Amino acid sequence: MAKKSPLQTQAYDYLKEMILNEKLDPDILYSETKMAADIGVSRTPMREAIQCLSQDGYIIVVPSKGFMLRKLSEDDMRECIQIRCAIEGFSVYKLAEEISSKKAQKLLNTMEKLLDKQKKALYSTDGPSKENMINNNYSKDALNKFMDYDHQFHFALIDYAENGEFHKIFQRSMYMIQLTTREALSVPGRTEETFEEHLKIYEYLKNGDGDLAYKIMIKHLMAPLSMDITRY
């Protein structure tokens, strides 16, 4: 694969940040020319960036018209979750096998800190707890913060495996992971369930029970498949 030029990288990073931070509307057809003008680059690096984003699964290119954000489908969600089960399941297994090592203990410490942050985000006055979500009394920032800690928890496990291909796969799947997570956590009660499942994974690993940690992880990752959350 050819190396990105500085302007192509600039355009790619700009659009990716806009997409991941929900600054683009999934129902709008965006113009390549206008996007290029917005960030001050020519159409060529913008066109190349758009092609890369299409290959990475973030957008759908509409020939001669522009591009739209990719939407979450049932097949996309199922395939993304299956990939995560394979990679994160292995990561949990590897961690359990080495749980007494300094490296593993360091990760457990990181997981504990992330769980504490996630708990505080969940049960803050404007956090995405079940009661707040039912009453529509939670802030978008609070949910985003909870999601960020959720992702950090999972990425810490993936980092532990020290597998470059895992990271590449996750980068390509990042948008689908974010869409799936956001839709799942919008279901009242799912934020609390997510925290409790994370806590169980941590506690089983800490106690050296890798089999139960693995089972909880797979159940945790597959939970969205039993929810009617996809939007077309």
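Which residues in α1 meet which residues in α3? Leu7, Gln8, Ala11, Tyr12, Leu15 and Lys16 in α1 meet Pro45, Met46, Glu48, Ala49, Ile50, Cys52 and Leu53 in α3, where contact means heavy atoms within 4.5 Å. This is a predicted model, in which local features need pLDDT of at least 70, side-chain atom pairs count only at pLDDT 80 or more, and totals for chains, interfaces and linings use all residues. Residues are numbered from 1 along each chain as its sequence is written, and side-chain values use heavy atoms, with hydrogens and water left out. Helices (H or I, at least four residues) are DSSP runs numbered from the N terminus.

- The axes of α1 (6-20) and α3 (residues 43-55) come within 8 Å and cross at roughly 50°; axes are lines fitted to C-alpha atoms, for helices over the stretch in contact, and angles run from 0 to 180 degrees between N-to-C directions.
- That angle makes α1 oblique to α3, given that angles under 35 degrees count as roughly parallel, over 145 as roughly antiparallel, 65 to 115 as roughly perpendicular and the rest as oblique.
- The contact of α1 with α3 divides into ten nonpolar, one polar and two charged residues; Ala, Val, Leu, Ile, Met, Phe, Trp, Tyr, Cys and Pro count as nonpolar, Asp, Glu, Lys and Arg as charged, and the others, Gly among them, as polar.
- With α2 (residues 32-39), the axis of α1 comes within 11 Å and crosses at roughly 100°, which makes α1 roughly perpendicular to α2.
- On the α1 side, Gln10, Ala11, Tyr14 and Leu15 meet Met35, Asp38 and Ile39 in α2.
- Five nonpolar, one polar and one charged residues form the contact of α1 with α2.

**Packing of α4 with α8**

- Helix α4 (residues 74-97) and helix α8 (residues 164-185) pack at about 130°, with axes 10 Å apart.
- The two helices, α4 and α8, are therefore oblique to each other, and their crossing is left-handed.
- From α4, the contact is made by Asp76, Met77, Cys80, Ile81, Ile83, Arg84, Ile87, Glu88, Phe90 and Ser91.
- From α8, it is made by Phe166, Ile169, Phe170, Ser173, Met176, Ile177, Thr180 and Thr181.
- Eleven nonpolar, four polar and three charged residues make up the contact of α4 with α8.

**Cavity**

- The structure holds one cavity of 30 Å³ or more; on a 1 Å grid over the protein atoms alone, a cavity is a set of points where a 1.4 Å probe fits but cannot get out, a pocket is an open set with protein on both sides within 12 Å along at least five of seven lines, and lining residues have an atom within 4 Å of a point.
- About 190 Å³ of space lies in the largest cavity, a volume being the space filled by probe spheres set on grid points joined across faces, edges and corners.
- Of its 15 lining residues, Arg84, Thr181, His220, Leu221 and Pro224 are the closest to the centre of the largest cavity.
- At least two lining residues each come from α4, α7 (140-161), α8, α9 (190-206) and α10 (210-222), and α8 gives the most, with five.
- The lining of the largest cavity has seven nonpolar, five polar and three charged residues.

**Second largest pocket**

- The second largest pocket has a volume of about 300 Å³.
- Its lining has 13 residues, and Leu20, Asn21, Asp148, Gln178 and Arg182 lie nearest its centre.
- Two or more lining residues come from each of α1, α7 and α8, with the largest share, five residues, from α7.
- This pocket's lining divides into three nonpolar, five polar and five charged residues.

Notes
Left-handed = near helix turned anticlockwise from the far one by under 90°.
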